[in-house]
Amino acid sequence: MSSPDLGQPTPGAPAAQVAPAASPGVALAASDFANDVGARNAREAFGNYIQRLRGGDMGALPAVGGLIVLVIVFASISGGFLSKGNFANLLTQAAPIMLLGMGLVFILLLGEIDLSAGTASGVSAAIMGLALTQGGDLNQALGTPVYVIVLLGMLAAALVAGFYRIWIAVGVIVLGALVMLTSWDQYAIPGIFVAISVGVAIGTLVGTMVAKIGIPSFVVTLALFLGWQGVLLQFLGNGSAIDVRRNDFIFNLENSNFSPAVGWAIWAVSIAAYLGLTFGRSFRRRRAGLTAEPLLVVALRGFTLAAITGVAVYVLNENRGRTVFTKIEGIPKIIPVVLVLLVFFTFILTRTAFGRHLYAVGGNAEAARRAGIDVVRIRVAAFIISGAMTAIAGIALASRLGSIPSDFGGRNTLLFAVAAAVIGGTSLFGGKGKMRDAVIGGLVIAIIPNGLGLIKDIPSSYELMITAGVLLLAASVDALSRKRTSAR
Amino acid sequence: MPDSPLLELRGVNKSFGPVHVLHDIDLKVYPGQVTALVGDNGAGKSTLVKCIAGIYPVDSGEFFFDGKPVSFSGPRDAAGLGIEIVYQDLALADNLDIVQNLFLGREIRKFGMLDEATMERKARETLASLAVRTVKSVRQSVSSLSGGQRQTVAIAKAVLWNSRVVFLDEPTAALGVAQTRQVLDLVRRLADNGLGVVLISHNMNDVKEVSDHVAALFLGRLAADVETKDVTTGQIVELITSGRSGSMGLSAAATNASM
C-alpha cells in the first residue's frame, strides 16, 4: 500500500497518533510517514493498484484474464460450453486439481517441489478405499506384512513429527493408526480420517528427507513418484481397481449436490462473513490510524464477489437434468469443501506466525534462521500440510472417478496441480504465492480439456499442447514480473 | 572514560583445529560510544563477532555484561542480553515488507493471530525514532528498497528490541556516497541514544568520522585499543597492516610470532 505522492499535504492524516511526540526530532520524523495511510479514496487506490501492476506484482490478474479469454473462446466455438450442466461439470473436474494445488502452494512457497503428490494421493485414497470395501479389515485387505509395514511407517512418522514438536500431526497420525486397527474405517468419515492421517504421515517422511537429511526435493519426490505407484499396485494386489461407488458419502462428494435452499444459505453466510470481516478490518485499521483501504473499494470488491458467486449459485441451482425425468440441481458438494479449505489455509498463511515464517523461509532461509525461526520445522510442517491436502485431493478424485485404478494420481495429475498453482501466480522460486492461486489456476487448467472436449473434430493431441502453452505463458509472466521487481 | 564498559571481553582465545584465530583478545564496549573494530581480511573480526553471537564456542576467555560474567552458547543468549548483530549480508527477506521483516521471528500476537496493527505502529515509531526519512511506507516490500534503506531496516530490526549493544558488520560496504552518509548518521544516532555500538569497517574515513575508539586486530591479536582522536588515519592503517605504529601496537616479538 505504498502511496507514491510523497510530499503532498495530507489533511486529516493521523500522523500525530503514530509517534506520541516524545521529542521534536521524533515528531518531525513521524511526519515523514504522514502519508503512510494508504489510499484515501477509490481513485488513489486504483492508482496504487496500477502502480503495483507496473512494478511487476500482477497478483491474480493474468490468471483471471486467461480464464476470461478461454471462456470467451470456448463459448464462441461450442454452444454446449456455456450450458448449465457443463458449468457444474467444470467445477467438479477442477476440484481435485484445486485441492492438490492448494497443498502444493505450501511446498512451492518454500521454493521446493513435490512430484510425488499425485501418486501419494493414490496411496492415501487406496487405503481408504480398501477399508471401505473390505469391512474395515485392512489386515486382510493388505496382507499382514504390508499392513504391519504401513503401521510401522506411521509410527515412525509420528515419532518424527513429535521430534519437531508438530503435535497436531502426531495426533492425526496416531489417531489414524488406531482407527486402522479397528474396523470403524469401513465407514466414510473414519475412512476419510485414515486417508488424511496416511497423507500426513507421508508428508512427514518426505519433509524430513528434504529438510533434515537435505536431499533435494526434486530427487526425493521423483523417487517417491515412482515408489508410490508401486505401493499402490501392491495395495491393489491382483490389479483390479477399488470400487468406491457403493459408498454413498464418498461417491456423493463429486456426484451429488446440495439442495438449492442450502446452496443459497451457504452463499448468504459466506458473503455476510466476507463483508463483515473486510469492513471490520477497514474500520479497525482506520481507528488505529493505519493504512486502510477506502470503504468504497472494500464495498465494490464485496459487491463484485457477491454478484459473481450469486450468479454461479443461481445457475447451479437451475435444473440441469437432460431429460424431463431427471432433476439435477444445486451446488456440487465438493465446492463448499474447497471454499472452506481455501478460507482456512488463507487464514493460516496470512494471519498466523507460521504462515509468516513460511513466506520468510521461502524468501530467504538464512534470514529466517537468523531471526530465530526453526527452518527445518517450518519446512517439515509445510510438507505435512501438503500431505494432508494430497489425501483430501485423492478422496475427491476417487469420488469423481468412482474407483481407484492402478494408475490413480499418476500421469498428469500432479503436473496439472503444479500448473494450476503457477498459473494462479505462485512462484516456483519460492516466497510468493497465495492459496487462491490454486483455485483460480485450477479452473484455468480444468477449462481447457473441458472446452476442447465439447468441440467436434478436434484431435485430443491439442489438449496437452494448449495446456502446455498456457503453462509456459504463466511461467513467463512469473519470471518477467520477478525480473521487473528486482530491477527497480 | 565516562562509564564502565557495557560489554567486556577478557583473554578470549579461539582455535579452529591447529589454526589459532584469536589470541587473548580484550575488548571493551562503552554505552553511548562507537567502537570501531578494524583489521585486515583474516585478522579475526568476523570470528570475534561470531563468538559473541554464540555461533562459535570460545576456547578460553571471559565475557562481562554490565560487569557481570556471562557466557554465549547460542544465538539466543546474546539476544537475551540485548546484544544484536547486523551482518554484512543483510538478513532480510526480500519478499516480505518492512514491518514483516522488522518483527520476523518475534511477531506480536493477539489471540494466536498476528497483531498487524501493533506491529505496524511500533515499526513506524522505531523508524521515526531513528529519524529515517527515506522510506515511503512501512508496508513497502524490502525488494523495492535501495541498499541504504535496506541497511537502515536491518539496523532498525536490531534496535527494535531495546537492545543495548549493536554490532554492525561493514554497514557501508556496498553503499553509495549519499547512502553511506545516511547510515553513518544512523550509527552516530544509535550511540547518542545510549547504545554501545561496534562498527566493523574497512573504510578509514568512516572510522575516523563516526567512532570514538578504534580497536585494531592484527592476525588474531588486539594490536591496539585507542581513542580515535589520538590517532591519524595513517597510524590506523599501520596498525592494521603491520600490527604496530610507532610506540603503539604489538611488540616486534608478537608480530613475528604470529607471522
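Colleague: What are the ground rules for numbering and for what counts?

Modeller: Residues are numbered from 1 along each chain as its sequence is written, while chains are lettered from A and ligands numbered from 1 in the order in which they are written. This is a predicted model, so local features need pLDDT of at least 70, side-chain atom pairs count only at pLDDT 80 or more, and totals for chains, interfaces and linings use all residues; side-chain values use heavy atoms, with hydrogens and water left out.

Colleague: How do you know how confident the predictor is in chain A?

Modeller: From pLDDT, the predictor's confidence in each residue, from 0 to 100. Chain A averages 83, and 90% of its residues score at least 70.

Colleague: What makes up chain A overall?

Modeller: It has 21 helices and two strands. Of its 488 residues, 50% count as buried, where buried means under 20% relative accessible area, exposed over 50%, and partly exposed in between (1.4 Å probe, protein chains only). Among contacts in chain A with a separation of 6 or more, 75% are between residues 24 or more positions apart.

Colleague: Why are Ile213(A), Ile215(A), Phe218(A), Val219(A) and Leu222(A) called a nonpolar patch?

Modeller: Patches take residues with over 30% relative accessible area and no salt bridge, joining nonpolar side chains (Val, Leu, Ile, Met, Phe, Trp, Tyr) within 5 Å and like charges within 9 Å. Take Leu222(A): its relative accessibility is 39%, so it counts as partly exposed. Together the five have about 450 Å² of accessible area, by the Shrake-Rupley method with a 1.4 Å probe, where for residues only the protein chains shown count as cover. Helix α11 (residues 217–236) of chain A gives the largest share of the patch, three residues.

Colleague: Why do Glu116(B) and Arg356(A) count as a salt bridge?

Modeller: The rule asks for a side-chain nitrogen of Lys or Arg within 4 Å of a carboxyl oxygen of Asp or Glu. Here N to O is 2.6 Å, so the pair qualifies. The pair crosses between chains, from helix α4 (residues 116–129) of chain B to helix α16 (residues 353–363) of chain A.

Colleague: What makes you call both partners buried?

Modeller: Glu116(B) has 14% relative accessibility, so it counts as buried, and Arg356(A), with 5%, is buried as well.

Colleague: How do you know Arg150(B) and Asp94(B) pair up?

Modeller: Their closest N and O atoms are 3.0 Å apart, so they meet the 4 Å rule. The pair links distant parts of the chain, with Arg150(B) in helix α5 (residues 147–159) of chain B and Asp94(B) in the loop between β6 (83–86) and α3 (98–102) of chain B, 56 residues apart. Arg150(B) is buried because its relative accessible area is 18%, whereas Asp94(B), at 32%, is partly exposed.

Colleague: And which residues join in a network of salt bridges?

Modeller: Arg285(A), Arg356(A), Asp97(B), Glu116(B), Glu120(B), Arg124(B) and Arg139(B). Arg139(B) and Glu120(B) meet at 3.0 Å, N to O. Arg139(B) is buried at 15%, and Glu120(B) is buried at 0%. Over all chains the count is 19 salt bridges.

Colleague: Why do β1(B) and β2(B) count as paired?

Modeller: Two strands pair if DSSP finds at least two bridges between them; seven join β1 (residues 7–16) to β2 (residues 19–29) of chain B, so they qualify, and they run antiparallel. One bridge partner of this set is Val29(B), for Leu7(B). The two strands form a hairpin with two residues between them, and Gly17(B) in the turn has a positive phi of about 60 degrees.

Colleague: Last one: what makes Ile236(B) buried?

Modeller: Its relative accessible area is 1%, so Ile236(B) falls in the buried class. Ile236(B) sits in helix α8 (residues 233–242) of chain B and touches residues including Val38(B), Met204(B) and Val231(B).

Key. Helix = DSSP H or I, 4+ residues; strand = E, 2+ residues; numbered from the N terminus. Contact = heavy atoms within 4.5 Å. Lists of a residue's contacts leave out its neighbours within four places in sequence.
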